[in-house]
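Here is a short report on how one protein chain is packed. Look over the sequence and the model first.

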Amino acid sequence: MHTAPTTARLVTIICEALAREPISQLLRSLGVSGFTWFEVQGEGHQGVRYGEMEEFANIQMEVILSPARAQRLLEILERDYFPQYAMIAYESEVRILRAKKFLGE
């Protein structure tokens, strides 16, 4: 049996490692059942961040959500987390299989 993909939103958050736990708590409070994070390196207006020291490393967090939840998450990040942490966040449309796993549908 083949199931057609469902459209959802992938929210990507790139931030300093110190924000990992607060954002993880936020995601859990929004009812997110799972998310991914990993260390990343890059360069931006704050210079090159190599991540040689864990507390100064950058991480990327990814979570798949319904459009409404993604919008809510981005609003909270902008209001409550952007002023406190070096961070960017964006969303993109993705097509997923096993929608119930990600969207609770």
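How much of the contacts in the protein with a separation of 6 or more do residues 24 or more positions apart account for? They account for 76%, where contact means heavy atoms within 4.5 Å.

This is a predicted model: local features need pLDDT of at least 70, side-chain atom pairs count only at pLDDT 80 or more, and totals for chains, interfaces and linings use all residues. Residues are numbered from 1 along each chain as its sequence is written, and side-chain values use heavy atoms, with hydrogens and water left out.

The protein has three helices and six strands. These are DSSP runs, numbered from the N terminus: helices are H or I with at least four residues, strands E with at least two. Along the sequence the pattern reads β-α-β-β-β-β-α-β-α.

Of the 105 residues, 34% count as buried, that is, under 20% relative accessible area with a 1.4 Å probe, protein chains only. The protein exposes about 6,900 Å², by the Shrake-Rupley method with a 1.4 Å probe. Carbon and sulfur atoms supply 50% of that area.

A nonpolar core is a set of buried Ala, Val, Leu, Ile, Met, Phe, Trp, Tyr and Cys residues joined through side-chain atoms within 4.5 Å. The largest has 20 residues. Val11, Ile13, Ile23, Leu73, Leu77, Tyr81 and Met87 touch the most other members.

H2 gives the most, with six residues. Apart from this core lies another, of seven residues, including Ala8, Leu10, Ile64 and Ala99.

Note on methods. Buried < 20%, exposed > 50% of the residue type's maximum accessible area, 1.4 Å probe, protein only.
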